[in-house]
Amino acid sequence: MPKWLLQARGKWQYFGQTRPPFAEEPNPKQRSVWDFPRPPVLVPSQKKVEVQSNSVRLAFSTKALELQETASPPTYYIPAEDVVFELLIAQPQRTSLCEWKGEAHYWALKTSPNKVIAWSYANPFEPYTPLTDHVAFYPQHLDCYVNGEKAIPQPGGFYAGWITDDLSGPFKGEPGTGHW
């Protein structure tokens, strides 16, 4: 593993074993994002996960993978078979590198080819290889639903977690959270 990758991973302060004093106390029907682990984990989900743009369905699945990571609301990765790729266009000139998952490739709507709305990993790092052939969508740019509840986008614009009523924070991305 490259040294820069280990250094990036080593900067994290919280790992999901103990909630920090500023974490909100979840009610009995909630999960605290501070109980999610780091490194992140993938959890198979049977929740109804739906993504729409202007009332047009881009994806619907009951077989998504929920990525859980300390301080962040889950990101849902939808199997390619449940995504309407006819409405999307690949953005091969745009990539980024996640220290956990590897190189991301981006997608836009064919009707708005300059606005990135989704990403995927063609060759994710171990142990995230199950993300191959899955797509994640930015709730900042779309209407995203979990079991019929419209998700609120994770704050800050960079992250793409889906906030639902069953979560307690605070969430990474809010002002003053860059050191988390």
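Because the model is predicted, local features need pLDDT of at least 70 and side-chain atom pairs count only at pLDDT 80 or more, while totals for chains, interfaces and linings use all residues. Residues are numbered from 1 along each chain as its sequence is written, and side-chain values use heavy atoms, with hydrogens and water left out.

**View 1. Arg-19 and Glu-25 pair up in a salt bridge.** A salt bridge here is a side-chain nitrogen of Lys or Arg within 4 Å of a carboxyl oxygen of Asp or Glu. For this pair, the closest N and O atoms sit 3.5 Å apart. Glu-25 is exposed at 63% relative accessible area, whereas Arg-19 is partly exposed at 31% (buried is under 20%, exposed over 50%, partly exposed in between; 1.4 Å probe, protein chains only).

**View 2. Arg-19 also meets Asp-35 in a salt bridge.** The N to O distance is 2.6 Å. This pair ties together distant parts of the chain, 16 residues apart: Arg-19 is in the loop between α1 (3–10) and β1 (31–32), and Asp-35 in the loop between β1 and β2 (41–44). Those labels come from DSSP runs numbered from the N terminus: helices are H or I, at least four residues, and strands are E, at least two. Asp-35 is partly exposed, at 40% relative accessibility.

**View 3. Lys-150 and Asp-143 form a salt bridge.** Their closest N and O atoms are 2.8 Å apart. Lys-150 is partly exposed at 45%, and Asp-143 is partly exposed at 23%.

View 4. The structure holds ten salt bridges.
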